[in-house]
Amino acid sequence: MPPDTRAAYDAVTAEITASSPARTGQMFGMPCLKIEGKAFAGYHGEAMVFKLAGAAHTEALALSGAEQFDPSERGRPMKEWVVVPPSHAGRWLDLAQAALAYVGGAR
């Protein structure tokens, strides 16, 4: 049975906003998480997208079904952003924390 992806996103959002100064917002018309006005994660379709660098970026892209985020769908992906499909929803919180650390700095 596929995970309830919106509930999984909402759980990640609740944890991140309760444990950090991150807040919810919008980016490209999708719900997202921001720190100091900078987006670091979002909910796109049935997947989550994360702004990552280094080993976290490499590991996220290595997940089956993961790919670079191309919001325009015109073959111009955003190099730091990775779409992680719902089959890996169990990893979303860890990836959101890594993205928060990358964009917001370690807190």
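How many helices and strands does the protein chain have? There are 3 helices and 6 strands, where helices (H or I, at least four residues) and strands (E, at least two) are DSSP runs numbered from the N terminus. The model is predicted: local features need pLDDT of at least 70, side-chain atom pairs count only at pLDDT 80 or more, and totals for chains, interfaces and linings use all residues. Residues are numbered from 1 along each chain as its sequence is written, and side-chain values use heavy atoms, with hydrogens and water left out.

**Whole chain.** Colour the protein chain by secondary structure and follow the sequence: the pattern is α-β-β-β-β-α-β-β-α. The radius of gyration is 13 Å, close to the 13 Å that the globule rule gives for 107 residues, so the protein chain is as compact as a globular protein of that length. That radius is taken over C-alpha atoms, and the rule is 2.2 Å times the number of residues to the power 0.38. Along the principal axes, the C-alpha trace spans about 30 × 30 × 30 Å. Of the 107 residues, 41% are buried (under 20% relative accessible area, 1.4 Å probe, protein chains only).

**Largest nonpolar core.** A nonpolar core is a set of buried Ala, Val, Leu, Ile, Met, Phe, Trp, Tyr and Cys residues joined through side-chain atoms within 4.5 Å. Select Ile16, Phe40, Met48, Phe50, Val84, Trp92 and Leu95, which touch the most other members of the largest core, a set of 25 residues. At least two residues of this core come from each of α1, β2 (30-35), β3 (38-44), β4 (47-51), β6 (78-84) and α3 (92-104). The largest share, 6 residues, is supplied by α3.

**Val84.** Next, centre on Val84 and display its contacts (heavy atoms within 4.5 Å). Leaving out residues up to four places away in sequence, Val84 touches Ala47, Met48, Phe50, Ala60, Leu63, Trp92 and Leu95.

**Second core.** Now select Met30, Cys32, Ala47 and Val49, which are among the 9 residues of a second, separate core.

**Ser20.** Finish in the loop between α1 (5-19) and β1 (23-27), where Ser20 is found. Is Ser20 buried or exposed? Ser20 is buried, with a relative accessible area of 14%. Show its polar contacts: pairs of N or O atoms within 3.5 Å; within protein, one must be able to donate a hydrogen and the other to accept it, and residues adjacent in sequence count only if both atoms are side-chain atoms. The Ser20 side chain reaches the backbone oxygen of Ile16 at 2.7 Å and the backbone nitrogen of Ala22 at 3.1 Å.

Conventions
Buried means under 20% relative accessible area, exposed over 50%, partly exposed in between (1.4 Å probe, protein chains only).
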